[in-house]
Every structure is written in structure tokens, then in C-alpha cells.
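Hello,

Here is the structure I promised to pass on. Please open it first, then read the notes below.

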Amino acid sequence: MDIQEFIHGVEGLRSNLLKQARNYLNDADDAEDAVQETLVKLWVVRDRVAEASKMRNMAAVVCRNVSLNMLRDKRQTVSIDGAWEVASHANPEIQLEEREGRQRLQRNIQALTDKQRAMLRMRNVENMQYADIAKIMGTSESSVRGMISKARMALVQLMKGTEL
Amino acid sequence: MIQTKENIGKLLERFVQGLTTESEEQLLSDYFSTAEAIPEEWMVFKELFDSFSTDVYDFSEDEKDAMLARVPPKESQERNSVDLGGGCLCRSGHGNRYPHDEE
């Protein structure tokens, strides 16, 4: 399933998902977040979508799980408040420990939210355009850029982190 | 194209702010995969860009199963005894009830 097929497939689902998420979350912003996360996750599992007609049911299942998870763990995103400073302010004490390499990287990536990880993957691994990610999520490109920015900052902070 | 340090620095700044174009990001990616002497303070970005060509961002089959589990963790046990072991939708047959149908 390519991007256009997927976008076409989820086009009509959004309003129902929003209703569903609101039933669980009671808050319009949270519900919007839940729907966006649902659509991103649906993209992640698109290889499991045997036929387009199943998409609706799968979306409902993912949306319920996302909503329940949001209810349950009041979100534990990585805090990055104002932590970002660009290389002009390089800290010589921060050094990569190469030997930990991949394991550490994996831990850091798993410390992101699923949504952050999936979005980083969409843009820089799958090489999708920002505009297409926005279409999939049913939001604006600038909103997608904002979310991806936060994810990048969070990951860079994690990678720089000395506490691990 | 050879990039100056100043140029790369600016691009990196915009990259983390989510302001770079797709082709600028490609340019950064090319820089980090080919540059010989990368400044120490940018090694974290080398690791980041290198990571994009690995599978570390992939979701495992278990993680995908969890996204599609008709019975979400906890709570569901007592609430819905139907088809606990069913796993993901992809393997489900007909006649299963989805949460959507219950509304």
C-alpha cells in the first residue's frame, strides 16, 4: 500500500475516530492527539491491512488502544524544555561512547513516544515528504514540522545524555 | 558539493527546529555519511543521521501486535471474555466483535 492509497483509505475515517476518541478522553485536544497517533500507527501497521475494507475496523481498534493508553499513563514524554542549544555552544565534555553504540541508540529511540518514533521514521527513514505525513495525519505541514522538531530535540538530548 | 562548516551548522539548527526542506535534510545526510573530519560537537548528529539508515526505528511484530490487540492490556480481562487469545486483527476471522461495533 503506497502513500496515496493509504491517504485515500483513511480519508473518511477521521471524523468517526475523533468521535470515538472523545468518548474516551473527554477533551478535544487529547482526542485530536489520539486520532493523529492512531493514523500514524495505522501507517506503521499498514502491512497488516489485508484489504482496504478492514481499515475502518483496524483504525477503531488502534484508536481505542491509543485512547486507553493515554487515559492510563497521562503521557510520559521526554522533557526537553529549552534544553536545545546548537553546536555553537559545544560542550567538550559530551562524548559519544562508541562501544555502547547500537544498544544505547536503541534505548534512546525507545524512550521516545511511539508517535515520535514513527514520525522520525516516516520523514528520515522512509523518506516521506512533510506534506504527505501531514495528509496521513490529517493536519497541517507546520504542525507536523513542529512535532518532528520536538522529536528530534528529544532524541538529540537523549543521545547527548550523560545519565545513561 | 562541499559544505562549509558554517553552512552545515545553520542547516543543523534549522533541522532540529523542523524547518529544513527535504533536500536540505538529504544534504545533511550526505554530509554526515561522507565528511572526513566531523567536528566533535557534531558527532551526535553523525550518530543521528547514521541511525536513519538502520532499522532501529522499526516497530517489532510484537509492538505491532500490541497496537492491534483487540483486548488492550488490563481491564479488558474482566470486561470482555471473548477471544482473549486472538492476537492481532490480521489473523482474525469473521464474526469477531470490534470495539467500534459495540458503540
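**What I found**

B:D55 and A:R102 form a salt bridge, with their closest N and O atoms 3.0 Å apart. A salt bridge here is a side-chain nitrogen of Lys or Arg within 4 Å of a carboxyl oxygen of Asp or Glu. By that rule, nine salt bridges cross the interface of chain B and chain A.

Some ground rules. This is a predicted model, where local features need pLDDT of at least 70, side-chain atom pairs count only at pLDDT 80 or more, and totals for chains, interfaces and linings use all residues. Residues are numbered from 1 along each chain as its sequence is written, chains are lettered from A and ligands numbered from 1 in the order in which they are written, and side-chain values use heavy atoms, with hydrogens and water left out.

**The interface**

Between chain B and chain A, 22 residue pairs are in polar contact, both residues being at pLDDT 80 or more. A polar contact is a pair of N or O atoms within 3.5 Å; within protein, one must be able to donate a hydrogen and the other to accept it, and residues adjacent in sequence count only if both atoms are side-chain atoms. On the side of chain B that touches chain A, α4(B) gives the most, with seven residues. Helices are DSSP runs of H or I, at least four residues long, numbered from the N terminus; strands are runs of E, at least two long.

Chain B brings 50 residues to the contact and chain A brings 48 residues. Contact means heavy atoms within 4.5 Å. The area buried between the two chains is about 4,800 Å², and carbon and sulfur atoms give 60% of it. That area is the accessible area (1.4 Å probe) that two parts lose on being put together, summed over both. B:E22, B:Y57 and B:M67 supply 14% of what chain B buries against chain A, more than any other three residues.

Chain A has eight helices and zero strands. Of its 164 residues, 49% are buried. Buried means under 20% relative accessible area, exposed over 50%, and partly exposed in between (1.4 Å probe, protein chains only).

The largest nonpolar core has 70 residues. Such a core is a set of buried Ala, Val, Leu, Ile, Met, Phe, Trp, Tyr and Cys residues joined through side-chain atoms within 4.5 Å. Helix α8 (residues 141-160) of chain A gives the most to this core, with 10 residues. A:L42, B:F32, B:F45 and B:L48 have the most contacts inside the core. Beyond its neighbours within four places in sequence, B:F32 is in contact with residues including B:L12, B:W42 and B:F45.

A:R145 sits in helix α8 of chain A. A:R145 is buried, at 15% relative accessible area. Not counting residues up to four places away in sequence, A:R145 touches A:Y130, B:Q17, B:G18, B:L19, B:T20 and B:T21.

Most residues other than glycine have a negative phi. A:N26 has a positive phi, near 60°. A:N26 lies in the loop between α2 (14-25) and α3 (28-44) of chain A, and is exposed at 73% relative accessible area. A:N127 also has a positive phi, near 60°. A:N127 belongs to the loop between α6 (114-125) and α7 (130-137) of chain A. At 47% relative accessibility, A:N127 is partly exposed.

Best wishes
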